[in-house]
Amino acid sequence: MSSLTRLNEARERSPCLGEEEAEMRAMGKQRRVLLDVLMACWGLGSWLGVNGVFMQLPLLVQRLPEGWALPSYISVVIQLANVGVVLYVVLRRLFPRAPDAPYIYALLVIGTLALFLNGFLYAETALVAGTERSVSFLSITFFTGFVGCTSSVLFYPYLRHFRDVYLATYLVGEGLGGLLPSVLSLLQGTGGEPRCDYGPDNATVETVYPEARFDTTVFMAVLGVLSALSLGSFALLHNLATLLPERVKPAEADKEDEAAAEGAVLLAPRWLTVMALMTVLNALMNGVLPSVQSYSCMPYGAEAYHLAVTLCAMANPAACLAGVWLRPVRGRVLAAMLGAGLLPLAYLLATALLSPAPPLHKETSGRALIVVAWVVVYAVISYARMWVYEWARGGGAAGMRACGVVTQVGSAAGSLSIYFLVNYTRMFVQAPPCPLPRL
């Protein structure tokens with residue numbers, strides 16, 4: 001029996017796991033807990049900085065000169081950081097036999113330094129073409145995005161050196177890169193709604209923003225420590241001799257890659273469909289949705305925005321945990337989930353377009369509805385992305401790299417398109433925090 005036939009039979013009932021292996025994974029058997037912990041801590045560092053920046057948006061959009069348009073600037077800066085992917089591809093061409101570990105070490109060091117620097121320099125602004133801009137914050141955020149973008153095509157292929165049961169725990173760690181900043185953001189608080197101090201005859205107004213429990217400097221410093229933990233965890237999982245039995249033998253990995261390459265030719269339409277889905281999912285999750293979230297949520301108040309951002313970040317690791325303990329759903333079930341998610345997606349996009357006066361923006365029910373809609377959409381997209389990553393694992397290193405590439409293509413397409421809509425049209429309108437009364 002050919003290796004391709006064995007692979008196809010093993011995946012017949014599940015997009016990436018055989019039924020027996022899925023049951024073992026669901027029961028938590030045949031795993032090294034130490035490696036699970038190290039995988040999760042390593043995955044924590046991939047998008048930690050980017051997630052941390054977005055967690056601070058409820059505070060930053062009120063304080064930095066870009067205002068509600070700041071998320072669209074951040075999304076574009078992060079996509080420009082895809083130059084890291086190009087640099088990695090060039091280095092692989094120049095040094096084809098070089099291992100991935102040195103690149104991973106360098107990437108995590110850059111991410112750690114960027115977080116600490118951003119904590120102390122984020123408030124520095126400069127005039128660009130006569131307009132005040134957050135040059136320091138956006139420049140350092142570029143390097144934070146450099147880490148996240150490059151990790152998509154660097155970290156996933158490295159995972160092929162370990163048994164595939166550890167992919168989900170790595171994804172849990174990647175999700176923790178959103179969960180831990182969100183928990184920290186909850187502890188930080190938003191400080192509440194701004195206070196409006198009107199001058200004589202209501203001719204002028206000064207907006208006073210209440211302070212959070214601790215500032216952005218402390219927030220970024222804590223994330224810097226977590227990024228250093230990610231770096232240390234990778235060093236351990238890469239070098240500990242006790243984890244060698246959990247590695248895939250090079251000969252077996254090469255055989256699986258060869259079979260996966262044959263399968264990719266036979267199943268090309270299926271691969272194209274799944275990769276197209278992954279492109280759309282990432283265009284939404286990493287481009288469109290973060291850029292319009294301020295317009296969708298801020299009319300309902302800073303606290304609603306803060307809660308939506310925080311709970312959306314928690315939805316991602318929750319979806320990944322489902323991948324650890326539950327079998328992957330069938331393709332038809334996933335399609336039904338995505339179809340059901342279209343309704344809340346349409347609602348939150350409508351609220352962004354109708355800003356600054358979306359439906360129920362003065363009602364408590366409106367605030368609850370907008371938060372729930374955002375969380376549901378993020379949960380569905382997060383689970384769908386995890387499903388695709390698991391499915392692509394069947395394609396070996398080539399499949400994982402393809403998944404990483406379409407992730408960045410979709411993210412870039414979504415970010416650039418929404419950037420121009422936000423900043424060069426009047427489709428999305430920001431309301432002043434303290435409007436002057438009509439005389």
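**View 1. Glutamate 246 in the loop between α11 (216-239) and α12 (250-266)**. Glutamate 246 lies in the loop that runs between helices α11 and α12, where helices are DSSP runs (H or I, at least four residues) numbered from the N terminus. The structure shown here is a predicted model, in which local features need pLDDT of at least 70 and side-chain atom pairs count only at pLDDT 80 or more, while totals for chains, interfaces and linings use all residues. Residues are numbered from 1 along each chain as its sequence is written, and side-chain values use heavy atoms, with hydrogens and water left out. With a relative accessible area of 10%, glutamate 246 is buried, a term that means under 20% relative accessible area (1.4 Å probe, protein chains only). Its side chain is joined to that of arginine 163 by a polar contact of 3.1 Å, that is, a pair of N or O atoms within 3.5 Å, of which, within protein, one must be able to donate a hydrogen and the other to accept it, and residues adjacent in sequence count only if both atoms are side-chain atoms. Leaving aside neighbours within four places in sequence, glutamate 246 is in contact with Arg32, Leu35, His161, Phe162, Arg163 and Tyr166, contact meaning heavy atoms within 4.5 Å.

**View 2. Threonine 112 in helix α8 (residues 101-121)**. Threonine 112 counts as buried, at 10% relative accessibility, and a polar contact of 2.8 Å joins its side chain to that of serine 227. When residues up to four places away in sequence are not counted, threonine 112 touches Gly224, Ser227 and Ala228.

**View 3. Isoleucine 78 in helix α6 (residues 70-80)**. Isoleucine 78 is also a buried residue, with 5% relative accessibility. Although isoleucine 78 and threonine 141 are 63 residues apart along the chain, their C-alpha atoms are separated by 7.2 Å. Beyond its neighbours within four places in sequence, isoleucine 78 is in contact with Trp47, Val50, Phe54, Thr141, Gly145 and Cys149.

**View 4. The packing of helix α7 (residues 83-94) and helix α9 (residues 135-158)**. These two helices pack at an angle of about 50°, and their axes are 7 Å apart, the axes being lines fitted to C-alpha atoms over the stretch in contact, with angles that run from 0 to 180 degrees between N-to-C directions. The contact is made by Val83, Gly84, Val85, Leu87 and Tyr88 of α7 together with Phe142, Phe146, Cys149, Thr150, Val153 and Leu154 of α9.

Technical notes. Buried means under 20% relative accessible area, exposed over 50%, partly exposed in between (1.4 Å probe, protein chains only).
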